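Have a look at the chain below before reading on.

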Amino acid sequence: MPKNTKVTQREHSNEPVTESVADLLSLEHPMDYKSSQMSMGLSPGSTAPVKALLPSPDPDAEDGRPAWNNKLEYILAQVGFSVGLGNVWRFPYLCQKNGGGAYLVPYLILLILIGIPLFFLELAVGQRIRRGSIGVWNYVYPRLGGIGVSSLMVCGFVGLYYNVIIGWSIFYFFQSFQYPLPWAECPIHRNGTQAVVEPECEKSSATTYFWYRQALNITSSIDDTGGLNWKMTLSLLVAWIMVCLAVIKGIQSSGKVMYFSSLFPYVVLFCFLVRGLMLKGAVDGIAHMFTPKLEKMLEPQVWREAATQVFFALGLGFGGVIAFSSYNKRDNNCHFDAALVSIINFLTSILATLVVFAVLGFKANVMNEKCVVENAEKILGYLNTGVLSRELIPPHINFSHLSSQDYAEMYAVIKTVKEENFAQLGLDPCILEDELNKAVQGTGLAFIAFTEAMTHFPASPFWSVMFFFMLINLGLGSMIGTMTGITTPILDAFKIRKEILCVVCCIIAFLLGLLFVLRSGNYFVAMFDDYSAGLPLIVVVILENISVAWIYGTKRFMQDLEDMLGFRPYSFYFYMWKFVSPAVLVLLICATVIEMAISPAGYNAWKHLTKSSLLGSDRFQSYPPWALAMAYALIVVAMLPLPIVFIARHFSLISDGSNKLSVSYRKGMMKDISNLEEQDEQRFILSKNPSEAPSPMPAHRAYLGPGGTQEMTNTNYGTSTKTGYQNIGSPESEL
């Protein structure tokens with residue numbers, strides 16, 4: 001073989017073989033040019049050697065990377081990761097708070113503008129590069145390799161407190177095997193022959209008292225740690241054991257777990273929906289949900305919260321989406337996956353909201369009837385003492401069967417006649433709409449509002465067991481994705497046994513998670529939820545978007561997708577990645593920073609019943625200086641890898657990792673080199689110019705942007721071309 005050929009020069013060069021990300025992303029199965037009509041001058045009717053007709057090995061199988069057993073397991077894993085506790089309690093809360101049906105409009109718009117495009121982007125890069133979050137962004141743009149490290153940090157923070165919520169659900173699950181439910185009634189203390197209801201419970205409610213005093217045994221402030229809550233510590237240990245067992249064998253075992261953890265919540269939600277629709281007042285709740293308050297759509301806060309919910313609902317920036325998709329075959333239709341999972345996620349949120357509003361409608365009717373009874377007793381007392389005249393009571397009203405409409409009529413008459421002294425009577429209007437408008441956020445919805453509603457269900461322990469078992473499964477599906485987002489990048493970087501890594505990670509996480517099972521642990525859960533996973537995740541995702549759309553190049557990425565999928569994605573994605581999604585994310589960052597600046601930093605502390613305080617209730621309290629420093633430290637620590645890695649690689653202090661090609665890519669590349677060597681040698685024997693040999697690299701079709709035409713261009717191996725070997729650090733050419 002001639003010594004001056006480009007292949008021979010590359011083979012004998014001491015320089016490491018490096019390839020651009022364009023080559024990595026445009027990898028196709030090796031093409032056997034021996035069997036082509038161009039090879040060795042074969043005529044169209046000639047027969048190529050039998051060996052050349054054998055199928056080439058699958059590069060996806062050669063790199064030894066685990067793979068999903070089937071497509072259904074993969075889809076269930078992505079659905080289980082994206083559909084979590086936020087769909088059950090945060091989405092219904094935001095819908096209730098921001099105008100009911102009017103909130104669905106901005107949510108759906110932003111799901112289309114930023115949710116699906118960015119979800120598709122993460123699926124595509126993970127599937128093509130077949131690495132976790134750290135490896136993917138090292139390949140795309142090494143100086144922004146800190147994106148993957150920040151994703152891992154955020155995953156760690158979220159996993160720490162998210163599993164505590166699973167622990168709470170486990171505690172309530174086991175407490176549900178009692179009749180009546182332990183939170184159905186206030187505790188009664190015996191003082192000799194006299195029975196006394198717990199004053200703190202009487203002033204709040206049975207479910208609220210059980211949550212704060214029995215389950216959490218919470219302190220009055222974040223400064224008072226109060227020691228470990230041993231019941232919750234044991235529940236947290238059980239939660240981490242479950243997570244460890246689910247992920248210890250990798251996707252082969254977690255895929256099986258997903259069949260149950262992803263599908264069972266839907267069974268429970270449908271059961272709750274059917275049961276909820278049979279309850280009195282359920283229609284009132286659902287009508288309240290779908291009655292749009294259109295004026296709310298003009299408030300910027302509604303759009304900001306809708307964007308944030310879209311962002312977190314799909315699990316963008318955590319690394320779990322990238323990690324799951326990295327176990328796919330390269331020709332998997334990830335565009336279909338992105339649309340399917342996003343739609344399932346949205347429909348799940350709607351289903352959960354229907355269930356929640358049906359139950360809240362029932363609860364509102366129960367509370368409204370209770371209000372009517374209590375105030376009717378007050379009116380009877382005023383009538384008996386002569387404070388009110390019986391002439392004020394309409395003749396058709398029967399106090400033994402008093403309806404809400406009758407009470408409203410009587411209330412209006414008394415208020416009109418006794419206008420000056422009405423406030424002294426202490427009567428409540430008992431309006432159903434007011435009960436429906438009482439927003440219950442986050443854990444309060446699951447552990448206070450829902451538990452209170454279930455105490456009024458027939459066979460309440462059964463429904464309570466089903467509900468908290470559903471929460472455990474929802475949380476478990478999300479935790480599997482979170483842990484995969486942590487372990488996959490580490491396994492890609494360090495060759496260690498995944499079983500050992502999973503056990504070590506879970507043990508460390510449990511020990512760190514003891515912070516959240518202190519008696520003041522609920523305050524730290526709120527802190528981590530507010531600060532560790534908000535701003536850092538938004539910054540991570542906008543850098544992901546910029547690195548692909550502006551540094552690597554949207555046109556090149558679209559062409560890579562066409563080579564991978566076999567069809568060109570819609571031009572819609574070109575414009576979303578290039579312009580719309582970055583702009584929306586910048587606005588979201590600005591809105592988040594402004595809100596953090598103008599909103600007081602604090603938490604809702606449970607104030608115990610004392611001699612100076614007559615009510616047991618939660619009150620807003622500012623963070624002490626040390627807690628405020630800890631909150632902002634979470635943001636700094638999560639975002640610190642971004643500038644550190646950028647500076648270190650800019651000044652060549654650490655390796656950029658760009659020459660660490662995947663095993664399958666190296667094998668495919670060497671197969672192409674081997675093919676080219678044989679062809680050059682044959683051409684030399686036949687007195688042909690070696691440069692006339694066909695290129696072993698697949699032909700690239702230049703993507704000319706939306707609506708552009710495609711041109712077939714053959715590139716010679718080793719020649720710098722726009723699509724194959726352009727420096728990844730250079731800006732995308734717009735010509």
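Which residue in β2 does His 189 stand opposite? The residue facing His 189 is Val 196 in β2. Before going further, a word on the ground rules: this is a predicted model, where local features need pLDDT of at least 70, side-chain atom pairs count only at pLDDT 80 or more, and totals for chains, interfaces and linings use all residues. Residues are numbered from 1 along each chain as its sequence is written, and side-chain values use heavy atoms, with hydrogens and water left out.

**The hairpin**

Back to those strands. β1 covers residues 188–191 and β2 covers residues 194–197, and they pair in the antiparallel sense over 4 bridges. Two strands count as paired if DSSP finds at least two bridges between them. Another pairing to find on screen is Arg 190, whose bridge partner in β2 is Ala 195. The hairpin has 2 residues between the strands, and Gly 192 there takes a positive phi near 75°.

**The whole chain**

Now zoom out. The protein chain has 28 helices and 6 strands. Helices (H or I, at least four residues) and strands (E, at least two) are DSSP runs, numbered from the N terminus. Of the 735 residues, 55% count as buried. Buried means under 20% relative accessible area, exposed means over 50%, and partly exposed is in between (1.4 Å probe, protein chains only). What about contacts, meaning heavy atoms within 4.5 Å? Take the contacts in the protein chain with a separation of 6 or more: residues 24 or more positions apart account for 79% of them.

**Two helix pairs**

Two packed helices are described by the angle between their axes and the distance between the axes. Axes here are lines fitted to C-alpha atoms, for helices over the stretch in contact, and angles run from 0 to 180 degrees between N-to-C directions.

Helix α4 (residues 71–82) packs against helix α16 (residues 334–385) at about 45°, with the axes 10 Å apart. That angle makes α4 and α16 oblique to each other. The cut-offs go like this: angles under 35 degrees count as roughly parallel, over 145 as roughly antiparallel, 65 to 115 as roughly perpendicular, and the rest as oblique. The crossing of α4 and α16 is right-handed. As for the word itself, a crossing is left-handed if the near helix is turned anticlockwise from the far one by less than a right angle, and right-handed if clockwise. From α4, the contact uses Lys 71, Tyr 74, Ile 75, Gln 78, Val 79 and Ser 82, while α16 brings Asp 337, Leu 340, Val 341, Ile 344 and Asn 345. Sorted by class, that contact of α4 with α16 has 6 nonpolar, 3 polar and 2 charged residues. (Ala, Val, Leu, Ile, Met, Phe, Trp, Tyr, Cys and Pro count as nonpolar, Asp, Glu, Lys and Arg as charged, and the others, Gly among them, as polar.)

The axes of α8 and α24 come within 10 Å and cross at roughly 150°. So α8 is roughly antiparallel to α24, and the crossing is left-handed. Here Ile 147, Ser 150, Ser 151 and Val 154 of α8 meet Pro 536, Leu 537, Val 540, Leu 543, Glu 544 and Ser 547 of α24. The classes in the contact of α8 with α24 are 6 nonpolar, 3 polar and 1 charged.

**Two buried residues**

Leu 561 sits in helix α24, which spans residues 535–565, and is buried at 1% relative accessibility. Pro 117 belongs to helix α6 and is buried too, at 0%. Leaving aside residues up to four places away in sequence, Leu 561 touches Phe 120, Ala 124, Gly 566, Phe 567, Pro 569 and Trp 577. With that same exclusion, the residues touching Pro 117 include Leu 111, Phe 572, Tyr 573 and Trp 577.

How many residues lie between partners in sequence, and how far apart are they in space? The table has both pairs.

| Pair | Apart in sequence | C-alpha to C-alpha |
|---|---|---|
| Leu 561 and His 335 | 226 residues | 9.4 Å |
| Pro 117 and Tyr 573 | 456 residues | 6.2 Å |

Arg 130, in the loop between α6 and α7, has a positive phi near 55° without being a glycine. Arg 130 is buried, with a relative accessible area of 2%. Asn 217 is not a glycine either, and has a positive phi of about 45°. Asn 217 lies in the loop between α10 and α11 and is partly exposed at 29%. Finally, a cis peptide bond joins Tyr 179 and Pro 180, with omega about 0°; Pro 180 is in the loop between α8 and β1.

Technical notes: Contact means heavy atoms within 4.5 Å.
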